[in-house]
Amino acid sequence: MHHRKKTKFNHQKVISFFISISCLCFIFFTLNACVSVDIKQKPGKKSDQFQMKEPALPFETMKTDYVDYAWKDYATDTMISVYSECKENQTTNLQQIEREAMQSLSHSQVISSESIAYNERGSLLTIASGDIDGVPMKVKMLTISKNFCNYTLMYSSKEERFDKLIKYFDKFILDFHIL
């Protein structure tokens, strides 16, 4: 008789997911600036041209080098993050950024993706699902571009807990302003 070993949710995998998405965004933005003769521009810098209000409790500040800001509710493994990158003469394809971010999820599926006006700019609001280490996850992401800077605001949670704290992210989006 075979017994299946119970798989415990790996908190490091969730953190790894956000780092992967951040790295993919960084790689995309970096590769986007390459010239066909393989002359690369310097990596972009983080933006200081936005204002925001930190998410309220239960979210706590999380230290990371991969995104500008990150907060986590440790009880539910739910995260909110901000990633920005600025480069002179940078062109932006919001759909490409969305696709790159979804590569971090196994079996990723875009549930909805719509172009919306945000901070007087066109932006892309996306909800997607997929797996991380076999655990069903769901993300909501807002991608914006202004003045040669790209911004990605992201919320991620286990799929069954997605709706529990989404109101904090929706409030965070409302309080985020690009100068």
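Predicted model: local features only at pLDDT ≥ 70, side-chain atom pairs only at ≥ 80, totals over all residues.
Strand S8 covers residues 149–158. The strand is mostly covered, and ten of its ten residues are buried. S8 pairs with strand S4, which spans residues 78–86. The two run antiparallel and are joined by eight bridges. Within this pairing, Ser84 stands opposite Tyr151 of S8. S8 also pairs with strand S7, residues 135–146. Here ten bridges join the strands, again in an antiparallel arrangement. Ser145 stands opposite Asn150 of S8.

S7 and S8 form a hairpin, with two residues between the strands. Asn147 lies in the turn and has a positive phi of about 50°. Phe148 lies in the loop between S7 and S8. Phe148 is not a glycine, yet its phi is positive, at about 65°. The relative accessible area of Phe148 is 37%, so the residue is partly exposed.

Thr126 was examined next. This residue lies in strand S6, residues 121–132. Thr126 counts as buried because its relative accessibility is 1%, and the cut-off for buried is under 20%. The side chain of Thr126 makes a polar contact with the side chain of Ser113, at 3.4 Å. Ser113 is also one of the residues that Thr126 touches, when residues up to four places away in sequence are not counted.

Glu120 is located in the loop between strand S5, residues 106–118, and S6. Its phi is near 60°, a positive value in a residue other than glycine. Glu120 counts as exposed because its relative accessibility is 80%, and the cut-off for exposed is over 50%. Thr126, by contrast, counts as buried, at 1% relative accessibility.

The other feature is a cis peptide bond between Leu57 and Pro58. Omega for this bond is about 25°. Pro58 is placed in the loop between strand S1, residues 50–51, and strand S2, residues 60–61.

Definitions and conventions: Residues numbered from 1 in each chain as written. Heavy atoms only, no water. Buried < 20%, exposed > 50% of the residue type's maximum accessible area, 1.4 Å probe, protein only. Helix = DSSP H or I, 4+ residues; strand = E, 2+ residues; numbered from the N terminus. Pairing = 2+ DSSP bridges. Polar contact = N/O pair within 3.5 Å; in protein donor to acceptor, adjacent residues only side chain to side chain. Contact = heavy atoms within 4.5 Å.
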